[in-house]
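Colleague: I would like to go through the labels used for this structure and ask what stands behind each one.

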There are 2 protein chains.
Amino acid sequence: MSRIAYVNGFYRNMRDACVNIEDRGYQFSDGVYEVCEIRDGRLVDMARHMARLQRSLSELRIAMPMPLTSLAVVMHEVVRRNRVHYGIVYLQITRGVARRDHAFPAKPVQPSVVVTARSLNLAKNQDTAAKGIKVITVPENRWPRVDIKSVSLLPNVLAKQAARDEGAYEAWYVDPDGYVTEGASSNAWIVTDQGSVVTRSAESGILSGITRAVLMDVLAALQIKLEERPFTAAEARQAAEAFVTSASQIVMPVVAIDNQRIGKGEPGPISLRLREEFHRFSAFS
Amino acid sequence: MSRIAYVNGFYRNMRDACVNIEDRGYQFSDGVYEVCEIRDGRLVDMARHMARLQRSLSELRIAMPMPLTSLAVVMHEVVRRNRVHYGIVYLQITRGVARRDHAFPAKPVQPSVVVTARSLNLAKNQDTAAKGIKVITVPENRWPRVDIKSVSLLPNVLAKQAARDEGAYEAWYVDPDGYVTEGASSNAWIVTDQGSVVTRSAESGILSGITRAVLMDVLAALQIKLEERPFTAAEARQAAEAFVTSASQIVMPVVAIDNQRIGKGEPGPISLRLREEFHRFSAFS
């Protein structure tokens, strides 16, 4: 499969798609990213992703390298050139190329822009959702600025690998007080015995997930009660249901936490319903 | 100035020196690095840097991509091709190129190796040392695995920029208990009124600096008392002297912390002596 990427103004074959070794993304993880779902060849909830992108860049004082409308054109073009109907588009923006020095370049440089897209296997993902995934818990060990969607992801890499090592798919971070913050690459949710859906407030400790935000609209529309509050790992292990959200997984049921069965050990009805209904409330572009 | 870099088996001009956009160093900061001083065209304390490199790679379960002897040949060759007599050589090893996924690639890939070298201005650095530098303190906000010399450096970038914004050169992290851990790109030291040199133990909270380790040998040889213990920012601001150590700065006197003058507001005699004596105790290769 020949894949095409956009890199700093050019569409390249993946094997020729490269960035300079002094790109600050490579030497300092000085950059941000977004992942959008692609469905029927269209980008899901793009406006919200772009708003978050702007915020991440602003927090790092990286200039937006091109107008949002141009960026949208590029993202659609990468999706088109890769013939992705169902999958994800990945956008990364870094501070750019400069002689290595921790502080920002004295003379601002042009930020680097990379866009890739790839197909996911819808049938396989539906199958995974029908079975549910396992998660483990790991101690929260990331810096507090997880509200910035940066590529400084080494702690997340190690957490995710720890999950794989234990035969699980995701790792949930647990803070020193016992509260779940979020997953290594997803937001964490539980459902109570009373049928309330619980997730932590995005005020601290987590990334403000786009799928998370859209799901709140879904809950409101379906008149399912939302409790936006912290929950402990202990409460999660006793919950009626659990699931994670992310752009690539939408609503993915969790059937075990730390090898303890959640509910009946199969995807819960509320989780599955939210997964089914989700795209009725998404914006497509 | 045409600069030459080694990238995955080839010596390239800097402008052509690139890595794939799916290098995990770029998307996940999944890699490590070392910086060695070059003096008289020779590499300083190379063996210790290589030992730390091996430890960092091992902690991340990244395979050493080539024998250490070959790596040493490459580093010397990059120094030679760039005609560096005084300066630094930079080595970065990442987990390699793989389709984006947080967890390690299921099939191990070849790690990426990048080596660059550049000249520093010795006269300018000596001038800086003669004047001393200013540091600010910032809250410690990095993950606990700062013992791994990884490229997941965004927190350090922001700390260093915060220092620049305040007209200072370095930022010292201060933990919630008020203790200084280390600088954004250096180890932190103070000298007491009694002439003892104080630095935090490398058991937790800091990178085990190579320049730091060599300096301990210097202190022993010069019969200067070392206190390896935590010190608070308050103690540091009242100290007789302060300085930082790193491969690119060796011993760099600090003359102000948070705009509070240290000692007489000029480099202290012990700091300057340690800077002068340092290379008598270094290994050259």
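This is a predicted model: local features need pLDDT of at least 70, side-chain atom pairs count only at pLDDT 80 or more; totals for chains, interfaces and linings use all residues.

Colleague: How do you know that chain A and chain B are in contact?

Modeller: Contact requires heavy atoms within 4.5 Å. Chain A gives 55 residues to the contact and chain B gives 55 residues. The area buried between chain A and chain B is about 4,800 Å², with 60% of it on carbon and sulfur atoms.

Colleague: How many residue pairs are in polar contact between chain A and chain B?

Modeller: The count is 25 residue pairs, both residues being at pLDDT 80 or more. On the side of chain A that touches chain B, several elements supply at least two residues each, among them strand 1, strand 3 and helix 1. Helix 5 of chain A gives the largest share, nine residues. By class, that side of chain A has 25 nonpolar, 15 polar and 15 charged residues.

Colleague: Why are A:Arg3 and B:Glu22 called a salt bridge?

Modeller: The rule asks for a side-chain nitrogen of Lys or Arg within 4 Å of a carboxyl oxygen of Asp or Glu. For A:Arg3 and B:Glu22 the distance from N to O is 3.2 Å, so the pair meets the rule.

Colleague: What makes B:Asp165 and A:Arg61 a salt bridge?

Modeller: Their closest N and O atoms are 2.9 Å apart, and the limit is 4 Å, so the label applies. The pair crosses between chains: B:Asp165 is in helix 5 of chain B, and A:Arg61 is in the loop between helix 2 and helix 3 of chain A.

Colleague: Are B:Glu77 and B:Arg80 buried or exposed?

Modeller: B:Glu77 has a relative accessible area of 18%, which is under 20%, so B:Glu77 is buried. B:Arg80 has 55%, which is over 50%, so B:Arg80 is exposed. The two form a salt bridge, with their closest N and O atoms 2.8 Å apart. Both lie in helix 3 of chain B, three residues apart, about one turn of the helix.

Colleague: Which label does each partner get in the salt bridge of A:Glu140 and A:Arg142?

Modeller: A:Glu140 is at 22% relative accessibility, so A:Glu140 is partly exposed. A:Arg142 is at 12%, under 20%, so A:Arg142 is buried. The closest N and O atoms of A:Glu140 and A:Arg142 are 2.8 Å apart.

Colleague: What makes strand 14 of chain B mostly covered?

Modeller: Six of its six residues are buried. In a regular strand the side chains alternate between the two faces of the sheet. In strand 14 of chain B, B:Glu241, B:Phe243 and B:Thr245 are buried on one side, and B:Ala242, B:Val244 and B:Ser246 on the other.

Colleague: How do you know that strand 14 of chain B pairs with strand 11 of chain B?

Modeller: Pairing needs at least two bridges, and strand 11 and strand 14 of chain B have five, so they pair, in the antiparallel sense. B:Asn187 stands opposite B:Thr245 there. Strand 14 and strand 15 of chain B also pair in the antiparallel sense, over five bridges, and form a hairpin with three residues between them.

Terms used. Residues are numbered from 1 along each chain as its sequence is written. Chains are lettered from A and ligands numbered from 1 in the order in which they are written. Side-chain values use heavy atoms; hydrogens and water are left out. Buried area is the accessible area (1.4 Å probe) that two parts lose on being put together, summed over both. A polar contact is a pair of N or O atoms within 3.5 Å; within protein, one must be able to donate a hydrogen and the other to accept it, and residues adjacent in sequence count only if both atoms are side-chain atoms. Helices (H or I, at least four residues) and strands (E, at least two) are DSSP runs, numbered from the N terminus. Ala, Val, Leu, Ile, Met, Phe, Trp, Tyr, Cys and Pro count as nonpolar, Asp, Glu, Lys and Arg as charged, and the others, Gly among them, as polar. Buried means under 20% relative accessible area, exposed over 50%, partly exposed in between (1.4 Å probe, protein chains only).
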